[in-house]
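Trainee: I have a model open and would like to learn how to read its features one by one. Could you walk me through it?

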Amino acid sequence: MDSRTASPGGAAGLLLEDFSLEMTGKDGPALEEAGHLLPAGTRVNVTFLGNEEMSTRLTAARAVKALGFEPVPHVSARRMPSCAAFEEFLSRLRADGTSGQIFAVGGDPAVPEGPYEDSLALIRSGLLEQYGVQQVGVCGYPEGHPAITGPRLWSALEQKAAALAERGIPGHIITQFGFDPDPVLRWIEEVRDRGIHLPVRVGVPGPAGVRRLLGYAARFGVGTSAGIARKYGLSLTHLMGTAGPDRFLHALAEGYDPQRHGDVKLHFYTFGGLRATAEWAAGFRQASTPAS
């Protein structure tokens, strides 16, 4: 590890290049407010929430594009009520010029609302390439999933990577967020050992209140032991404080080996704090730029 890694201008800054982030369908005004803080072309994922209408998601994707960023609309397989509804969504994205990239997720419902059981079914439908999708993101779970066993998760990831390759569609993996970089790096190593070479975007919580972060962690089965909390900068006793990803990013950079881990970038879960995340990233990037 060379001396650059010890400073913000080292590997931590390099990992932050070409980061992506998330917004909900209703975060258009927040993105416009924070837009000047984000690099042009930043990928902005538009989530597929069950309480938002299709029109809300489409409007958000258009707003992302209009602000000079790259929209990545989510498609929730088990929330898609029919093939016709899936085609309508893709058709309207294509008409808006926002269908170039999508993120395929299984979705929360235990029982599919239509014909698509999981994100693999969306990929295998053949509709993505038909409607101009040129890149597909899929999920990764370094700390597992509360409702899916490890072997099933690995099988699903391998099948999705193979299906994308068979169809000639470039892809990438976005991981569930976490507070400990060690299991993330071990998981990426296993991804590579299994012959999956898709770029990985490591999910990182944007700066937020400790209570909110712990609430999301409990919901998604993310580890928050006392040791992990201290490592990240969370206080399990002072819940009114805030925490950012600085320590996580530096620790991730210290353990990151491009030869071993391949193409790795960051993806920020904003948890409603889109501007706070944009401000943090802009500040970190500025600190990472060597003085002239």
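Mentor: Gladly! Let's begin with a term we need for the sheet: two strands pair if DSSP finds at least two bridges between them. Keep in mind that this is a predicted model. Here, eight strands close into a barrel in the order S1-S2-S3-S4-S5-S6-S7-S10, with parallel pairing. Neighbouring strands of this sheet are turned by 30 degrees against each other on average, direction ignored.

Trainee: How many helices and strands does the chain have?

Mentor: The secondary structure comes to 13 helices and ten strands. Of the 292 residues of the chain, 49% count as buried. Among contacts in the chain with a separation of 6 or more, residues 24 or more positions apart account for 80%.

Trainee: Which residues stand opposite each other where strands pair?

Mentor: The general idea is that strands of a sheet pair through backbone hydrogen bonds, either parallel or antiparallel. In our case, four bridges join S2 to S3, and these strands run parallel. Val46 stands opposite Pro73 in S3. On to the next pair: S3 (residues 70–76) and S4 also run parallel, joined by three bridges. His74 has Phe103 in S4 as its bridge partner, and Val75 stands opposite Ala104 in S4.

Trainee: Which way do the residues of S4 point?

Mentor: In a regular strand the side chains alternate between the two faces of the sheet. Here, Gln101, Phe103 and Val105 point one way from S4, while Ile102 and Ala104 point the other way, and all are buried. Because five of the five residues of S4 (residues 101–105) are buried, the strand is largely enclosed by the rest of the structure. S3 is also largely enclosed, since six of its seven residues are buried.

Trainee: Now the helices. At what angle do the axes of H3 and H4 cross?

Mentor: Two packed helices are described by the angle between their axes and the distance between the axes. The axes of H3 and H4 (residues 83–96) come within 10 Å and cross at roughly 25 degrees. That makes H3 roughly parallel to H4, because angles under 35 degrees count as roughly parallel. The crossing of H3 and H4 is right-handed.

Trainee: Which residues of H3 and H4 meet?

Mentor: From H3, Met54, Arg57, Leu58, Ala61, Arg62 and Lys65 meet Ala85, Glu88, Phe89, Arg92, Leu93 and Asp96 in H4. By class, this contact has six nonpolar, no polar and six charged residues.

Trainee: What about the loops? Is Thr47 buried or exposed?

Mentor: Thr47 sits in the loop between strand S2 (43–46) and helix H3 (54–66). With a relative accessible area of 9%, Thr47 is buried, because the cut-off for buried is under 20%. Leaving out residues up to four places away in sequence, Thr47 touches Glu22, Met23, Thr24, Gly25, Glu52, Arg57 and His74.

Trainee: And what is the phi of Asp18?

Mentor: Most residues other than glycine have a negative phi. Asp18 has a positive phi of about 60 degrees although it is not a glycine. Asp18 lies in the loop between helix H1 (11–16) and strand S1 (20–23). Asp18 is partly exposed, with a relative accessible area of 42%.

Conventions
Residues are numbered from 1 along each chain as its sequence is written. This is a predicted model: local features need pLDDT of at least 70, side-chain atom pairs count only at pLDDT 80 or more; totals for chains, interfaces and linings use all residues. Side-chain values use heavy atoms; hydrogens and water are left out. Helices (H or I, at least four residues) and strands (E, at least two) are DSSP runs, numbered from the N terminus. Buried means under 20% relative accessible area, exposed over 50%, partly exposed in between (1.4 Å probe, protein chains only). Contact means heavy atoms within 4.5 Å. Axes are lines fitted to C-alpha atoms, for helices over the stretch in contact, and angles run from 0 to 180 degrees between N-to-C directions. Angles under 35 degrees count as roughly parallel, over 145 as roughly antiparallel, 65 to 115 as roughly perpendicular and the rest as oblique. A crossing is left-handed if the near helix is turned anticlockwise from the far one by less than a right angle, and right-handed if clockwise. Ala, Val, Leu, Ile, Met, Phe, Trp, Tyr, Cys and Pro count as nonpolar, Asp, Glu, Lys and Arg as charged, and the others, Gly among them, as polar.
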